[in-house]
Amino acid sequence: MTQDQSSAPIRVILADDQPLIRSGLRVLINDAPDIVVVGEAGTGAEAVELAAELAPDVAVMDIRMPGMDGIEATRRITESSGTTHVVMLTTFDDDEYVYSALRAGASGFLVKDMALDSILDAVRVLASGDALIAPSITRRLIAEFAIRPAPSGAAANRGDKALLDGITEREREVLTLVGRGLSNGEIAEELFISAATAKAHVARLFTKLAARDRVQLVITAYEAGLVSPSR
């Protein structure tokens with residue numbers, strides 16, 4: 001759901017070690033009627049301090065910064081704040097960066113050559129509490145996860161029990177489909193239920209699994225072994 005523009009503006013902090021990049025983003029964002037830049041940081045450590053001080057809705061984060069990098073800063077911000085969502089904005093479209101950022105708690109991943117309107121849209125999507133990863137990109141992530149060694153033996157069993165404790169069999173089915181990159185509408189078609197019911201199941205999974213967004217559900221589905229290399 002896009003934030004209602006009549007409500008309070010979305011508060012954003014920018015973290016990038018290049019002042020020109022920050023300046024360009026600030027001008028772009030402040031031109032939008034529903035978004036405002038409330039702070040800027042040139043290092044990861046400064047971003048963590050700003051997030052703690054200002055509690056922004058969204059942090060737009062570069063990866064490579066002097067001292068603490070953007071991934072570690074993202075980890076610290078998401079671990080200490082339940083309200084600030086982090087979108088990585090970088091020139092490096094490298095899968096390892098994507099995975100590291102998502103595991104650190106980022107809710108989105110963009111590259112700097114994207115259309116400016118897309119960056120604004122991403123800020124709005126994250127502020128609404130959703131993730132930025134489109135189903136097609138989610139499938140790309142799963143494809144990469146699928147070729148990696150899966151958890152095995154006792155460790156896998158412990159992980160499965162810990163990750164999925166308390167969810168119903170139907171929710172387990174829904175989580176599997178989320179892990180395969182299906183949207184709520186596609187899940188509804190697959191399980192012969194309404195889209196509203198599918199959405200309700202996904203919402204309960206967010207709560208039961210303490211997931212920040214759909215990306216975290218995808219990672220949980222893989223780590224629990226629900227998504228296999230054969231799918």
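At 0% relative accessibility, Val174 counts as buried, the cut-off being under 20%. This residue of the predicted model is found in helix α8.

Leaving aside residues up to four places away in sequence, Val174 touches Ile187, Leu191, His201, Val202 and Leu205. Ile187 lies 13 residues from Val174 along the chain, and the C-alpha atoms of the two are separated by 6.9 Å.

## Helix α9 and its buried side

Helix α9 spans residues 184-191, and Ile187, Ala188 and Leu191 are buried in it. These three residues are on the same side of α9, because the arc they cover around the axis is only 100 degrees.

The packing partners of the buried α9 residues are α8 (169-179), α10 (195-208) and α11 (214-223). After α9 comes Phe192, which has a positive phi, near 60 degrees.

## Asp34 and Arg124

The side chain of Asp34 is joined to that of Arg124 by a polar contact of 2.6 Å.

## The cavity

How many cavities of 30 Å³ or more are there? The count comes to one. The volume of the largest cavity is about 40 Å³.

Its lining consists of Leu14, Ala15, Asp16, Arg22, Leu25, Val60, Met61, Asp62 and Leu89. Two or more of the lining residues come from each of β1 (10-15), α1 and β3 (58-61). By residue class, the lining of the largest cavity holds six nonpolar residues, three charged residues and no polar ones. Asp16, Arg22 and Asp62 are the charged residues, by the classes used here.

## The chain as a whole

The protein chain contains 11 helices and five strands.

Among contacts in the protein chain with a separation of 6 or more, 66% are between residues 24 or more positions apart.

Note on methods
Residues numbered from 1 in each chain as written. Predicted model: local features only at pLDDT ≥ 70, side-chain atom pairs only at ≥ 80, totals over all residues. Heavy atoms only, no water. Polar contact = N/O pair within 3.5 Å; in protein donor to acceptor, adjacent residues only side chain to side chain. 1 Å grid on protein atoms, 1.4 Å probe; cavity = no way out; pocket = protein on both sides within 12 Å on 5 of 7 lines; lining within 4 Å. Points joined across faces, edges and corners; volume = space filled by probe spheres on them. Helix = DSSP H or I, 4+ residues; strand = E, 2+ residues; numbered from the N terminus. Buried < 20%, exposed > 50% of the residue type's maximum accessible area, 1.4 Å probe, protein only. Arc of directions from axis to C-beta. Contact = heavy atoms within 4.5 Å.
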